[in-house]
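Trainee: I have a new model open and would like to learn how to read it. Could you walk me through it, feature by feature?

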Amino acid sequence: MNRNEIIDKCVEHKHALIFAAGIATALIGKKIIESKTVKDAATKGMATVMSAKKDAEECFQDMKDNAEDMVVDAHDEDKKEIYIESKD
């Protein structure tokens, strides 16, 4: 069989070859996903994401607290101005 005949046979049975390639990909993918290296990398990645989330939440809470303090201070200043104007 020469090269052209092999290619012609493959084209005739392309659906069977695609199916076989899908099964092979699934088996190889399963082996890769179950490997210790991938699990370790996923664990480290998840820990990094969770740490970043915690840091972002703390930063957001600090910003929220600062904004609330500014609002309270602004209301206090307004009350002082109103009290001074009403006294005069």
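Trainee: Where in the chain is confidence lowest, and where is it highest?

Mentor: Happy to start there. This is a predicted model, and where pLDDT is low, the predicted coordinates should not be read in detail. Here helix H1 (residues 3-12) has the lowest confidence, at a mean of 81, while H2 has the highest, at 91. For the chain, the mean pLDDT is 87, with 89% of residues reaching 70 or more.

Trainee: How many helices and strands does the secondary structure come to?

Mentor: There are three helices and zero strands. Reading from the N terminus, the order is α-α-α. H2 covers residues 14-33, and H3 covers residues 36-87.

Trainee: What share of the residues counts as buried?

Mentor: Of the 88 residues, 0% count as buried. A residue needs under 20% relative accessible area to be called buried. The chain exposes about 8,300 Å², and carbon and sulfur atoms supply 64% of that area.

Trainee: Now for charges. Which side chains meet in salt bridges?

Mentor: The general idea is that side chains of opposite charge can pair when their charged atoms come close. In this model the count is two salt bridges. One joins Lys-53 and Glu-57, at 3.4 Å from N to O. The other joins Lys-30 and Glu-34, whose closest N and O atoms are 4.0 Å apart.

Trainee: Why are Lys-53 and Glu-57 separated by about one helical turn?

Mentor: Because they sit four residues apart in helix H3, about one helical turn lies between them.

Trainee: Which residues form the negative surface patch?

Mentor: Look for Asp-55, Glu-58, Asp-62, Asp-65, Glu-68, Asp-69, Asp-73, Asp-76, Glu-77 and Asp-78. Take Asp-62 as an example: this residue is found in helix H3. Patch members need over 30% relative accessible area, and Asp-62 is partly exposed at 47%.

Trainee: Which residues form the nonpolar patch on the surface?

Mentor: Phe-19, Ile-23 and Leu-27 make up that patch, and together they have about 330 Å² of accessible area. Phe-19 lies in helix H2.

Trainee: Is Phe-19 buried or exposed?

Mentor: Phe-19 counts as exposed, because its relative accessibility is 58% and the cut-off for exposed is over 50%.

Terms used. Residues numbered from 1 in each chain as written. Predicted model: local features only at pLDDT ≥ 70, side-chain atom pairs only at ≥ 80, totals over all residues. Heavy atoms only, no water. Helix = DSSP H or I, 4+ residues; strand = E, 2+ residues; numbered from the N terminus. Patch = residues over 30% accessible without salt bridge, like charges linked within 9 Å, V, L, I, M, F, W, Y side chains within 5 Å. Areas by Shrake-Rupley, 256 points an atom, 1.4 Å probe, with all protein chains shown as cover. Lys, Arg positive; Asp, Glu negative; His and termini not counted. Charge placed at Lys NZ, Arg CZ, Asp CG, Glu CD. Buried < 20%, exposed > 50% of the residue type's maximum accessible area, 1.4 Å probe, protein only. pLDDT = per-residue confidence, 0-100.
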